[in-house]
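Could you open the structure in your viewer and keep the selection tool at hand? We will go from stop to stop, with something to select at each one.

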Amino acid sequence: GDSVVQTEGPVLLSEGDSLIVNCSYESTQYPSLFWYVQYPGEGPQLLLKAMMANDKESNKGFEATYHKETTSFHLKKDSVQESDSAVYFCALSDTVTGTAGEAEHEL
């Protein structure tokens, strides 16, 4: 079946460090890919989505590129801020009740 494998957390970073959260997927189809972010005390919210191979998406300084060849959608940010402390979810479908990995990142 479809699944995602994600970097396990927590990851501790200092302000200004670069962040990468790996996300690889297995699917029998050609999935849409999503990153969600959940800030402390809040519900999950959509951060990035990619519908087609080689889509490069960016939001709030985060970016991810949909690599169909390597079945990956890694989340990157060049310089993290304290406000980026959150839980990040990689998902194959537009819902956090679908297949998702979880990683907590604290700053």
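Here is a tour that starts with the whole chain and then visits single residues and groups.

**The whole chain**

Begin with a cartoon view, and keep in mind that this is a predicted model. How many helices and strands are there in the protein? The count is zero helices and 11 strands, so that the elements, read from the N terminus on, run β-β-β-β-β-β-β-β-β-β-β. Of its 107 residues, 36% count as buried.

**The disulfide**

In general, a disulfide is a covalent bond between the sulfur atoms of two cysteines. Which parts of the chain does this pair tie together? Cys23 lies in strand β4 (residues 23-26) and Cys90 in strand β10, so the pair joins parts that are 67 residues apart in sequence. Look along the S-S bond of Cys23 and Cys90: the torsion is about -60°, so the disulfide is left-handed. Are these cysteines buried or exposed? Cys23 is buried, with a relative accessible area of 1%, and Cys90 is buried too, at 0%.

**Phe89, next along the strand**

Stay in strand β10, which covers residues 86-91, and select Phe89. Phe89 has a relative accessible area of 11%, and because buried means under 20%, Phe89 counts as buried. Phe89 and Trp35 are 54 residues apart in sequence, yet their C-alpha atoms are 5.5 Å apart in space.

**Aromatic rings**

Now colour the aromatic residues. The structure holds five aromatic pairs. One to pick out is Phe62 with Tyr88: the ring centres are 5.5 Å apart and the planes stand at 45°, so the pair is tilted. This pair links distant parts of the chain, since Phe62 is in strand β8 (residues 62-65) and Tyr88 is in strand β10, 26 residues apart. Phe62 and Tyr88 are both buried.

Then select Tyr25, Tyr30, Tyr66 and Phe73, which form one aromatic cluster. Where does the charged end of Lys68 sit? You will find it over the ring of Tyr30, 5.0 Å from the ring centre.

**The nonpolar cores**

Hide the surface and go inside. The largest nonpolar core has 23 residues, and those that touch the most other members are Trp35, Leu47, Leu48, Phe62, Phe73, Leu75 and Tyr88. Strands β3 (19-21), β4, β5 (33-38), β6 (45-50), β8 and β10 each give two or more residues to this core. Another core, of five residues, lies apart from it, and Phe34, Tyr36, Val87 and Ala91 are among its members.

Return to Leu48 and show what surrounds it. Leaving aside neighbours within four places in sequence, Leu48 is in contact with residues including Leu33, Trp35, Glu57, Asn59, Phe62, Ala64 and Leu75.

**Lys76**

Select Lys76, which is found in strand β9 (residues 75-77). Lys76 is partly exposed, with a relative accessible area of 39%. Apart from neighbours within four places in sequence, Lys76 is in contact with Leu19, Ile20, Gly61, Phe62 and Glu63. Show Ala64 as well: its C-alpha atom and that of Lys76 are separated by 6.2 Å, with the two residues 12 apart along the chain.

**Two loop residues**

For the last stop, select Lys60 and Thr71. Which loops hold them? Lys60 is in the loop between β7 (56-59) and β8, while Thr71 is in the loop between β8 and β9. Check the backbone angles: phi is near 55° at Lys60, a positive value in a residue other than glycine. Phi is near 45° at Thr71, again a positive value in a residue other than glycine. Lys60 counts as partly exposed at 49% relative accessibility, and Thr71 is partly exposed at 29%.

How values were computed. Residues numbered from 1 in each chain as written. Predicted model: local features only at pLDDT ≥ 70, side-chain atom pairs only at ≥ 80, totals over all residues. Heavy atoms only, no water. Helix = DSSP H or I, 4+ residues; strand = E, 2+ residues; numbered from the N terminus. Buried < 20%, exposed > 50% of the residue type's maximum accessible area, 1.4 Å probe, protein only. Disulfide = S-S within 2.5 Å. Phe/Tyr/Trp six-rings, centres within 6.5 Å; stacked < 30°, edge-to-face > 60°. Lys NZ or Arg CZ within 6 Å of the ring centre and 35° of its normal. Core = buried A, V, L, I, M, F, W, Y, C linked by side-chain atoms within 4.5 Å. Contact = heavy atoms within 4.5 Å.
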